[in-house]
Amino acid sequence: MAEAYQAVAFQFTVTPDGIDLRMSHEALKQIYLSGVHSWKKKFIRFKNGIITGVFPASPSSWFIVLVGVMSTMYAKIDPSLGLIAKINRTLDTTGYMSNQTQNIVSGVLFGTGLWVALIVTMRYSLKMLLSYHGWMFAEHGKLSSGTKIWMALVKLFSGRKPMLYSFQSSLPRLPVPAVKDTVNRYLESVRPLMDDEEFGRMEGLAKDFAFNLGPRLQWYLKLKSWWATNYVSDWWEEYVYLRGRGPIMVNSNYFAMDFLYLSPTTMQAARAGNIIHAILLYRKKLDRQEIKPILLMGSTVPLCSAQWERMFNTSRIPGEESDTLQHVKDSKHIVVYHKGRYFKVWLYHDGRLLKPREIEQQMQRILDDGSEPQSGEEKLAALTAGDRVPWAKARRAYFSHGKNKQSLDAIEKAAFFVTLDDIERGYAKEDPVRSLDAYAKSLIHGKCYDRWFDKSFTLIIFKNGRMGLNAEHSWADAPIVGHLWENVMATDYLELGYSEDGHCKGDTNQNIPVPTKLQWEIPEECEEIVERSLSTAVALADDVDLSSFYFDTFGKGLIKKTKTSPDAFVQLALQLAHYRDMGKFSLTYEASMTRLFREGRTETVRSCTVESCNFVRSMEDPTESNENKLKFFRLAAAKHQHLYRLAMTGSGIDRHLFCLYVVSKYLAVDSPFLKEVLSEPWRLSTSQTPQQHIDLKKNPEMLSCGGGFGPV
């Protein structure tokens, strides 16, 4: 209990002889080491800020430029075309420097200016190069000579050993497509879903918008795109995520699952020890920007890394009209939930990160704690699972002072949240279907009161040592959490490991303070709000019909051998399956990313196309030849790939129309076209997260169950 240590660091007694001062050396030591740790982090952040700030150059290049400038000056050569002489004359008017000092200062000032100019030039050149996306539309596996030259130039201007955020200032801005182009692509996307009369009506609305109101709204959007870093992302975060007043559980949060077959240990505390330690190692790398930026096209084209910034120490704060995201720079504790109790666990001791065995010891102390939950404590997290407005009002009324505020602060400012579940979950060979379904449902909503859905992510460790993750959606998209999760699983299994008896490797440490129970004073009125939120959440959870389908007949390797995109293959399979199930075609959502641009997030690929419908009809026609079916399949797959590439390169449909709609609301003008477009329901919502870290060819046993979202 670090608070207790600090409280007794100084004790004094007033006696007739004066003040008797006693100091706790152990407490002072912990305070000193904590301060050293904080200053180390500040220094590392300052150093990394400089390195990232001068990218694609390096700090050492400043010295090289200065040496070059000074050498030419001493060789009686003027590299500045008279600028150094002008600086010299200006300095001469001060009268404080000798001629030699003036020459040195002039050379340093010119050299520094030249260095800054070179950085700006290189950065602008790299941004211009990265604005080219023609490589994405080239035939797979075939690079033109022009593309090869472009790749060489990108690598030349990308500097050496880029850090996580090095490319941020060199990434291009998301372009605003022309209104007519977006409207035409929209009409093309809905053509297979409408009859001639309905399509004619929609075409009239669309053309009227494109010629009248659209250009006016577009002007404001272009103005925003010139001023803001990204014309979509802030509005997307606010209006799609933070302003949603319904439950975020199921509707917004998503989940990630453990290895499918592999169970490194069956000991709950041990698995928690390794996984928490692995997550903290990842956070350490993140703080130091040691995580490499994601690069496409043969480690050439960088993706935006902005979403990593709020991975840790972040919580969603409820508001009556809109939520906010609270992010603190550092957090030295986590909060653990077990059997209705909340515990604060410190992550550092003696100025260092707790080792896996020490974290296991802390988790075991919590598991062995037999105390009962305080009144109103057990189901408190149901507030984060229900509607947002009751939670916002309850937070303001009952959690803004005293014990409740301190305990809520501990949760919201924790590095992340951990649940030690009291049930067993995971894949079971004897009942693979129902076991995976129950496992996934437990991760997406649990009991509706045993995950803190507002935290950036909740780590869930089940009684049998299996695990999972529930992530809040507003701060980042699934590939970012997927990157963390794959790294953590690989670190757990390949690096940290376990002893033969299932414990974490290493020794326990009895000097580490025990976890602290959070204290609550929950009035009856608040308990009633908790129960109402729980009732809302349980109704939502019970309405979720979740099925995890394990397919092992073939994988993407076989699909690639047919020279087909695995994504297009799966999307066409979904279209065929959906048509056979429902007997009709439906508006289909597939998430794509726009992280080729600064602060890019997602775009929609409308997977139901004229070409995909033709393919589906051919498959359902017994008189159609296999040759024609294959032809329709190729055309549909090529169309899907083209749409995916358009979405990735800023020429999607839905984000542009969404932003035009937001502008129309700000201007208080009504658009029948936009209103109808944004009210169309997505009957089929799909998503896929790429494998980024684990090499399944080297370690096939590390196959993961994946993850998922609730129904949109």
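Predicted model: local features only at pLDDT ≥ 70, side-chain atom pairs only at ≥ 80, totals over all residues.
**Domains**

The assignment divides the protein chain into domain 1 (54-158), domain 2 (179-239 + 551-681) and domain 3 (255-319 + 332-520). Between domain 1 and domain 2 the C-alpha centres are 44 Å apart. Their contact involves 5 residues from domain 1 and 7 residues from domain 2. About 570 Å² is buried between these two domains, with 76% of it on carbon and sulfur atoms. On the domain 1 side, His133, Met136 and Phe137 lose the most area to domain 2, and together they make up 87% of what that side buries.

**Helix 6**

Helix 6 covers residues 145-157, 13 residues in number. From first C-alpha to last it reaches 19 Å, close to the 18 Å expected at 1.5 Å a residue. Its buried residues are Thr147, Trp150, Met151 and Val154. Viewed down the axis of helix 6, the buried residues fall within an arc of 100°, so they line one face of the helix. That set packs against helix 5 (99-130) and strand 5 (301-302). Ser145, Ile149 and Leu156, on the other side of helix 6, are exposed. After helix 6 comes glycine 159, which has a positive phi, near 70°.

**Helix 14 and its surroundings**

Helix 14 spans residues 402-412, and its buried residues are Asn404, Ser407, Leu408, Ala410, Ile411 and Glu412. These residues pack against several elements, among them strand 6 (314-317), strand 8 (333-338), helix 13 (388-398) and strand 12 (417-420).

Asparagine 404 has a relative accessible area of 5% and is buried. Apart from neighbours within four places in sequence, asparagine 404 is in contact with Tyr398, Phe399, Gln519, Trp520, Glu521 and Ile522. Glutamine 519 is 115 residues from asparagine 404 in sequence, yet the two C-alpha atoms are 7.0 Å apart.

**Salt bridges**

Side chains of opposite charge can pair when their charged atoms come close. The structure holds 33 salt bridges.

| Aspartate 492 | Arginine 271 | 3.1 Å |

Aspartate 492 belongs to helix 16 and arginine 271 to helix 11 (residues 268-287), so the pair ties together parts that are 221 residues apart in sequence. Both aspartate 492 and arginine 271 are buried.

Arginine 395 in helix 13 and glutamate 412 in helix 14 are 17 residues apart. Glutamate 412 is buried, with a relative accessible area of 1%.

Aspartate 409 and lysine 405 are both in helix 14, 4 residues apart, about one turn of the helix. Aspartate 409 is partly exposed at a relative accessible area of 22%, and lysine 405 is partly exposed at 35%.

Glutamate 472 sits in the loop between strand 14 (467-471) and helix 16 (478-496). Its relative accessible area is 1%, so glutamate 472 counts as buried, the cut-off being under 20%. A network of salt bridges links Arg245, Arg316, Asp323, Arg388, Asp454 and Glu472.

Methods:
Residues numbered from 1 in each chain as written. Heavy atoms only, no water. Helix = DSSP H or I, 4+ residues; strand = E, 2+ residues; numbered from the N terminus. Expected span 1.5 Å × (residues − 1). Buried < 20%, exposed > 50% of the residue type's maximum accessible area, 1.4 Å probe, protein only. Arc of directions from axis to C-beta. Contact = heavy atoms within 4.5 Å. Domains from an automatic or database assignment. Buried area = accessible area lost by both parts, 1.4 Å probe. Salt bridge = Lys/Arg side-chain N within 4 Å of Asp/Glu carboxyl O.
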